[in-house]
Amino acid sequence: MNERQNRTTEPNSAVTVIGLGPMGRAMTRTLLTAGHPVTVWNRTAGRADGVVADGATLAATPGEAVGASDLVILSLTDYRAMYDILDGATAPLAGRTLVNLSSDTPDRSREAAAWAAGHGAEFLTGGVMVPAPMVGTQASHVYYSGRGEVMERHRAVLTLLGAPRYLGADPGLAQMMYQAQLAVFLTTLSALMQATAMLGTAGMKAAEALPELLSMADSIGAILRAGEKEPGTALDAGEHPGDLSTVTMMGATADHIVETGTSLGLDLALPLAVQAHYRRAIENGHGGDHWTRIIDSIRSPRGAR
Ligand SMILES: NC(=O)c1ccc[n+]([C@@H]2O[C@H](COP(=O)([O-])OP(=O)(O)OC[C@H]3O[C@@H](n4cnc5c(N)ncnc54)[C@H](OP(=O)(O)O)[C@@H]3O)[C@@H](O)[C@H]2O)c1
């Protein structure tokens, strides 16, 4: 480890932000507000205008941006973008810490950490769990993984973006948590649109349908927490007691959703996927179990019990 990497981030230390979509711009503004000098770079330079007006410095090249700060935050569409930007600017990476808050796969985060190490840089993976306007607020939290020492060194600055939740040394872990969270988020968003489209066939406007549907989405956490045990405890113990609801009952409803969508001419991809989880559990003899039994259909998609 060299001298630069050993330093704890100073209260007003310089930070570089590469990638100025809504998320990168929100992070830049949060850091500027807290008094940090921020250097920015973006492929489309015009996207920097707003944050430059707020006090950020626009670097002429990615190399100049990396060279401006020990801590370099990346907020890009994916990890390919990081290589597109930094492959031609690897010399200044030595001694810096890259914090990549972009979406991608856990394996690509691990590869990127090794790539960074090959250029003498530290690497943290992160996943921001709030939309851009909420960055820097009390409601914001961000998952991180990577070397614990590096996390501690930059914790104070990173806390400005949102409460850090550090998951461990494996750089793939925070990315996996991000994908797990987004799997819930994106599937729910598609379910909301599926349901809005269904009600729309009866003439109901989205303005009327969505508030009804959102109250269901809001109540799911409370429903799952209402059991006697913490959600997940029974599942971890391999217990799926079907005393309050069963795979057979839920599977019948999954069938009805498919039939309703079929008669209305709607896209069936999502309802069929849900139906398949229940059908497989029933075929495997678990119709009397709690709905959590469908996890087996997901863990072993080829039908193993
Ligand atoms: N927006 C949100 O509410 C939100 C919430 C949580 C997490 N996130 C995550 O945060 C990250 C950034 O989100 P965003 O909404 O700010 O995304 P965005 O608007 O899509 O911005 C992506 C950034 O990546 C750059 N980029 C993409 N491909 C590139 C390439 N090949 N070479 C160079 N630059 C490239 C874009 O540059 P150009 O400007 O030149 O196109 C832009 O700066 C994403 O990984 C997203 O999953 C976003």
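## The overall picture

What you're looking at is a predicted model, where local features need pLDDT of at least 70, side-chain atom pairs count only at pLDDT 80 or more, and totals for chains, interfaces and linings use all residues. Residues are numbered from 1 along each chain as its sequence is written, and side-chain values use heavy atoms, with hydrogens and water left out.

The chain has 13 helices and 8 strands. Both are DSSP runs, numbered from the N terminus: helices are H or I with at least four residues, and strands are E with at least two. Along its principal axes, the C-alpha trace spans about 60 × 45 × 35 Å. There are 305 residues in the chain, and 41% of them are buried. Buried here means under 20% relative accessible area, exposed means over 50%, and partly exposed is in between (1.4 Å probe, protein chains only).

## Around the ligand

How many residues surround the ligand? The count is 23, and the closest are Asn42, Thr44, Arg47, Leu76 and Ser103.

Now for the oxygen atoms of the ligand. One is 2.5 Å from an N or O atom in the side chain of Asn42. A polar side-chain atom of Arg47 lies 2.7 Å from a ligand oxygen, and for Thr77 a polar backbone atom is 3.4 Å from an oxygen of the ligand. Taken alone, the ligand exposes 900 Å², and the protein buries 77% of that; such areas come from the Shrake-Rupley method with a 1.4 Å probe. Two elements give two or more residues to the shell: α2 (22-33) and α5 (79-86). Of the elements, α5 gives the most, with 3 residues.

## A helix with a kink

Helix α9 covers residues 206-225, which makes 20 residues. From its first C-alpha to its last, α9 reaches 29 Å, close to the expected 28 Å. That expected span is 1.5 Å times one less than the number of residues.

Where is the kink in α9 centred? Look at Ser219, where there is a kink of about 35 degrees. The bend at a residue is the angle between axes fitted to the seven residues ending there and the seven starting there. Ala207 also sits in α9, and it counts as exposed because its relative accessibility is 69%. Ala207 and Ala217 are 10 residues apart in sequence and 16 Å apart in space, C-alpha to C-alpha.

Gln275 lies in helix α12 (residues 269-283). Is Gln275 buried or exposed? With a relative accessibility of 9%, Gln275 counts as buried. Its side chain makes a polar contact with the side chain of Asp255 at 2.7 Å. A polar contact is a pair of N or O atoms within 3.5 Å; within protein, one must be able to donate a hydrogen and the other to accept it, and residues adjacent in sequence count only if both atoms are side-chain atoms.

Gly46 is in the loop between β2 (38-41) and α3 (49-53), and at 48% relative accessibility Gly46 is partly exposed. Ser300 is in the segment after α13 (295-299), and at 25% Ser300 counts as partly exposed too.

Definitions and conventions
Near = heavy atom within 4 Å.
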